[in-house]
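Could you walk me through this protein model in plain words? I am new to structures and would like to know where to look.

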Amino acid sequence: MGHHRLVWVLGLLLNLGNASGEWIHFDSKGLTSIPDDIEPTVDLLYCSKNNISAIHRSDFNDKYPDLYYITLTDNIITSIESGCFRGTILTSIFLTRNQLTAFPDFHEVKDYLKHVFIAKNLITNISRGEVDYLTKMTELILQDNPIVQLPEITKLGLPVLKLLDLRGIEMDCCSSNVWLKRTPDILVLHLDYLPCSTPSKWTATPWMDITEDMLLQHNCGKTIPAGSSYHMYNDEEFWENPFEFQSERFFRDDSGLVSASHSNRRYLMSFGAGRRVCLGEALAKGRLFLVIASLMHKFDIFIGEVLVLSSAPFEIVTKERLSN
Ligand code: HEM
């Protein structure tokens with residue numbers, strides 16, 4: 001039996017889908033992007049071991065209606081444009097050993113995608129919204145990514161997820177990861193034998209000996225008082241004397257402003273950050289610019305001199321406009 005036929009039969013056995021169409025091989029061809037002259041009837045596309053650095057919408061969208069299997073293992077992919085793969089029926093994608101820093105957007109193939117292999121990339125954060133729509137996904141392989149933030153996958157409503165591979169991921173064994181001990185029977189979880197990188201007392205404790213109670217009793221990171229950005233501004237480990245007004249934190253010895261890359265400037269988030277960032281930032285900055293510019297325009301300001309600012313006396317009369 002020839003090589004091709006053997007793979008075909010294997011494909012059938014593995015239930016990879018309709019294996020009657022075209023298998024196109026571009027492995028180890030020195031490609032730097034997806035070729036644009038692929039047969040439109042392609043079913044399986046092999047592009048491993050190349051130098052492809054990015055996947056664009058124009059590479060796949062509305063071109064390959066039968067395409068259900070893509071291997072891009074061992075490339076140098078750093079980005080996959082969102083909205084990719086439209087018009088394909090992609091069920092399996094292999095992206096192992098690339099340089100992705102974010103989980104790709106698979107919305108266009110959410111009704112088909114079953115197998116996502118994205119091991120050995122550079123992904124640090126995965127948010128809920130990046131995976132919760134993949135309701136047909138059965139395998140999610142995240143092995144050996146430097147992940148520090150992962151949502152509670154089991155609470156995302158992924159009804160057919162059968163395999164979650166988190167080997168080689170340094171885990172903080174603390175209360176927010178207790179879900180890993182409570183996985184449903186249908187889900188096989190692959191973790192390292194010794195997965196805890198913190199707390200240090202558990203680095204030599206096998207996962208099977210870590211109990212739910214142990215995890216629950218160990219708080220993750222710092223406790224931030226509810227409803228505030230307290231630590232962002234008051235962390236005494238970072239800001240020496242955080243409660244003192246010390247503008248010199250931001251000045252060099254020669255009185256110039258420290259550079260934008262200086263940690264004191266990088267960590268100064270006067271308007272907060274993320275989803276609760278100040279809504280009035282643009283307005284406030286615009287007004288501050290005008291106020292400060294007006295002051296600079298009208299006054300000479302010296303250290304040690306007394307500056308008294310007061311408003312002119314004024315009177316306001318308010319009158320109800322619609323009074324019957
Ligand atoms: C220099 C002036 C201002 C500073 C330093 C400032 C700073 C902040 C900070 C630190 C937060 C909290 C962010 C967080 O929770 O992480 C915040 C939130 C907020 N700010 Fe400001 N702000 C200023 C002016 C304004 C103005 C002028 C407005 C409205 C016109 C405004 C509207 C808001 C709102 C609505 C929030 C709550 C956002 C949310 O929780 O979703 N701010 N601001």
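Here is a short tour, from the sheet to a few single residues. Please keep in mind that this is a predicted model.

## The sheet

Let us begin with the strands. An open sheet is built from 8 strands, and their order is β1-β2-β4-β6-β7-β8-β9-β11. The pairing in this sheet is parallel. Because β1 (22-25) and β11 (188-190) each have a single partner strand, they stand at the edges, and one side of each is left without a neighbour in the sheet. From one strand to the next, the twist averages 10 degrees. As background, strands of a sheet pair through backbone hydrogen bonds, either parallel or antiparallel.

Strand β9 (residues 163-165) runs parallel to β11, and 3 bridges join them. Across from Asp165 you will find His190 in β11.

## Around the ligand

How many residues surround the ligand? There are 11, and the closest are Gly272, Arg276, Cys278, Gly280 and Ala284. By type, the shell around the ligand splits into 6 nonpolar, 4 polar and 1 charged.

An unreviewed UniProt entry places the feature "binding site" at Cys278. This residue lies in the loop between α6 (263-266) and α7 (281-298). Leaving out residues up to four places away in sequence, Cys278 touches Phe271 and Gly272.

## A buried lysine

Lys114 sits in the loop between β6 (92-94) and β7 (115-117). Why does Lys114 count as buried? The reason is that 21 other C-beta atoms lie within 10 Å of Lys114, and the cut-off for buried is 20 or more.

Lys114 and Thr91 are 23 residues apart in sequence, yet their C-alpha atoms are 5.0 Å apart in space. Beyond its neighbours within four places in sequence, Lys114 has contacts that include Ser92, Lys136 and Glu139.

Most residues other than glycine have a negative phi, and most peptide bonds are trans. Some places in this model depart from that pattern. Arg97, in the loop between β6 and β7, has a positive phi of about 55 degrees. Lys120, in the loop between β7 and α3 (128-131), also has a positive phi, near 55 degrees.

Finally, the peptide bond that joins Thr198 and Pro199 is cis, with omega about -10 degrees. Pro199 belongs to the loop between β12 (196-198) and α4 (212-216).

Technical notes
Residues numbered from 1 in each chain as written. Predicted model: local features only at pLDDT ≥ 70, side-chain atom pairs only at ≥ 80, totals over all residues. Pairing = 2+ DSSP bridges. Helix = DSSP H or I, 4+ residues; strand = E, 2+ residues; numbered from the N terminus. Axes fitted to C-alpha atoms, helices over the stretch in contact; angles between N-to-C directions. Near = placed C-beta within 6 Å. Nonpolar A, V, L, I, M, F, W, Y, C, P; charged D, E, K, R; others polar. Buried ≥ 20, exposed ≤ 12 C-beta atoms within 10 Å, placed from the backbone. Contact = placed C-beta atoms within 7 Å. UniProt positions renumbered as here; feature names shortened; annotations may be inferred.
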